Amino acid sequence: MKENIHPNYHKVIFTDAVSGFSFLSSSTKTSNEKMLWKDGKEYPVIKVDISSDTHPFYTGRQKFAEAGGRVDKFKKKYNM
């Protein structure tokens, strides 16, 4: 394998911007912002818009699409 071509892989804290839920994982991404984790060590923090704490699939708060198709929508629109 060629040396010095792979990005640095290290521990980071991912934080959900909506709920504040955080988890420690490994990533090649980094950040200047750091946060103290439960183990007493400081890690870079990466803020994410959505995580398993707020995603509708995991929370069970899914919105279901209307069951009708195009014809049903057309008939409803023109009162047929």
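**Figure 1. Helix H2 and the residue after it.** In this predicted model, Asn 79 follows helix H2 and has a positive phi, near 50°. H2 itself spans residues 70-77. The helix is hardly covered: of its 8 residues, the number that count as buried is 0.

**Figure 2. The open sheet.** Four strands make up an open sheet, and their order across it is E2-E1-E4-E3. The pairing within this sheet is mixed. At the edges stand strand E2, residues 22-27, and strand E3, residues 34-36. Each of these edge strands pairs on one side only. If direction is ignored, neighbouring strands of the sheet are turned against each other by 50° on average.

**Figure 3. Strands E1 and E4, a parallel pair.** Strand E1 covers residues 10-16 and strand E4 covers residues 42-48. The two strands run parallel and are joined by 4 bridges. In this view, Asp 16 can be found opposite Val 48 of E4.

**Figure 4. Strands E3 and E4, an antiparallel pair.** E4 also pairs with E3, here in the antiparallel sense, and 3 bridges connect the two. Lys 34 stands opposite Pro 44, a residue of E4. Together E3 and E4 form a hairpin, with 5 residues lying between the two strands.

**Figure 5. The salt bridge between Lys 47 and Glu 33.** A search of the whole structure finds 1 salt bridge. The side chains of Lys 47 and Glu 33 meet in a salt bridge, with a distance of 3.9 Å from N to O. This pair links distant parts of the chain, since the two residues are 14 residues apart. Lys 47 belongs to strand E4, while Glu 33 lies in the loop between E2 and E3. How accessible are the two partners? Lys 47 has a relative accessible area of 54%, so Lys 47 is exposed. Glu 33 has a relative accessibility of 40% and therefore counts as partly exposed.

**Figure 6. A stacked pair of rings, Phe 14 and Phe 23.** Two values describe a pair of aromatic rings: the distance of the centres and the angle of the planes. In the whole structure, a search finds 3 aromatic pairs. One of them is stacked: the ring centres of Phe 14 and Phe 23 are 5.5 Å apart, and their planes are at 25°. Why does this angle make the pair stacked? Planes under 30 degrees apart count as stacked, and the planes of Phe 14 and Phe 23 are at 25°. Phe 14 is buried, because its relative accessibility is 14%. Phe 23 has a relative accessible area of 32%, so Phe 23 is partly exposed.

**Figure 7. A tilted pair of rings, Phe 21 and Phe 23.** Phe 23 also forms an aromatic pair with Phe 21, and this pair is tilted. The distance is 6.0 Å centre to centre, with 35° between the planes. Phe 21 counts as partly exposed because its relative accessibility is 33%. Phe 14, Phe 21 and Phe 23 form one aromatic cluster.

Note on methods: Residues are numbered from 1 along each chain as its sequence is written. This is a predicted model: local features need pLDDT of at least 70, side-chain atom pairs count only at pLDDT 80 or more; totals for chains, interfaces and linings use all residues. Side-chain values use heavy atoms; hydrogens and water are left out. Rings of Phe, Tyr and Trp (its six-membered ring) pair if their centres lie within 6.5 Å; planes under 30 degrees apart count as stacked, over 60 as edge-to-face and the rest as tilted. Buried means under 20% relative accessible area, exposed over 50%, partly exposed in between (1.4 Å probe, protein chains only). Two strands pair if DSSP finds at least two bridges between them. Axes are lines fitted to C-alpha atoms, for helices over the stretch in contact, and angles run from 0 to 180 degrees between N-to-C directions. A salt bridge is a side-chain nitrogen of Lys or Arg within 4 Å of a carboxyl oxygen of Asp or Glu.
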